[in-house]
Amino acid sequence: MKRILLFIVLAAFLGTGCKYFKKDKKKKVDTAAIQKAKQDSIAKAKAFEEEQKRLAEEQARQEELRKQQEYEAKYRFHVIIGSFKVPSNATAWEEEVHQMGFNKTKILDSPNGFKLVSIGQFDTYSKAFNEIDRINSDRIEEPLELWIYENK
């Protein structure tokens, strides 16, 4: 009888012990699942931050473009010092004009396909015309061939 009783107690202990080990494995799985969930959450947060950063950069770029367009709409009269069909000629002339002391040079695209080298832009036609007079007042012997282009 003692042997049977000892066998029953041992069987009960091992039976409950297996459930204990199964619970322990379940806890380990839950810990792994929690760790994976944390990693997924961190990855989602990083992706969200990157998306927010990209959106902020895009918004800043759009704002800069809008400001540039407003500026160009306001200052639409350009004093032109050269017009070229070949873009590399316009770039070379812009560099040469820059060396002549004109610091606000810019290459514009005209509707007819020419590249225009601008040495200044103004909000009114009269200001652009006055700039041409000012530049050529120092060059009475050899005035520069300048003209005004209205960028529409």
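Me: Why is D40 called partly exposed?

Reply: Buried means under 20% relative accessible area, exposed means over 50%, and partly exposed is what lies in between, using a 1.4 Å probe and the protein chains only. D40 has a relative accessibility of 34%, so it counts as partly exposed. Keep in mind that this is a predicted model: local features need pLDDT of at least 70, side-chain atom pairs count only at pLDDT 80 or more, and totals for chains, interfaces and linings use all residues. Residues are numbered from 1 along each chain as its sequence is written, and side-chain values use heavy atoms, with hydrogens and water left out.

Me: What makes the pairing of K36 and D40 a salt bridge?

Reply: The rule asks for a side-chain nitrogen of Lys or Arg within 4 Å of a carboxyl oxygen of Asp or Glu. For K36 and D40 the N to O distance is 3.6 Å, so the pair passes the 4 Å rule. Side chains of opposite charge can pair when their charged atoms come close. K36 and D40 both sit in helix α1 (residues 2-74), four residues apart, about one turn of the helix. By this rule the count comes to nine salt bridges.

Me: And what makes E58 and R61 a salt bridge?

Reply: Their N to O distance is 2.8 Å, so they pass too, given the 4 Å rule. E58 and R61 are three residues apart in helix α1, which means about one helical turn separates them. E58, at 30% relative accessibility, counts as partly exposed, and so does R61 at 46%.

Me: Which residues does R66 team up with?

Reply: R66 forms a salt bridge with E63, the closest N and O atoms being 2.3 Å apart. R66 is partly exposed at 35%, and E63 is partly exposed at 32%. Salt bridges that share partners join E63, R66 and E70 into one network.

Me: How do you know that W93 is partly exposed?

Reply: Its relative accessible area is 23%, which falls between the 20% and 50% limits, so W93 is partly exposed. W93 lies in helix α2 (residues 87-99). Contact means heavy atoms within 4.5 Å, and leaving aside neighbours within four places in sequence, W93 is in contact with I81, G82, F84 and V117.

Me: How do you know how many helices and strands there are?

Reply: Helices (H or I, at least four residues) and strands (E, at least two) are DSSP runs, numbered from the N terminus. The protein comes to three helices and four strands, in the pattern α-β-α-β-β-α-β along the sequence.

Me: What makes something a pocket, and what lines the largest pocket?

Reply: On a 1 Å grid over the protein atoms alone, a pocket is an open set of points where a 1.4 Å probe fits, with protein on both sides within 12 Å along at least five of seven lines; lining residues have an atom within 4 Å of a point. Among those lining the largest pocket are Y71, F102, K104, F122 and R134. Two elements give two or more residues to this lining: β3 (115-122) and α3 (125-137). The largest share, four residues, comes from β3.

Me: How many of the lining residues are nonpolar, polar and charged?

Reply: The lining has four nonpolar, four polar and four charged residues. Ala, Val, Leu, Ile, Met, Phe, Trp, Tyr, Cys and Pro count as nonpolar, Asp, Glu, Lys and Arg as charged, and the others, Gly among them, as polar.
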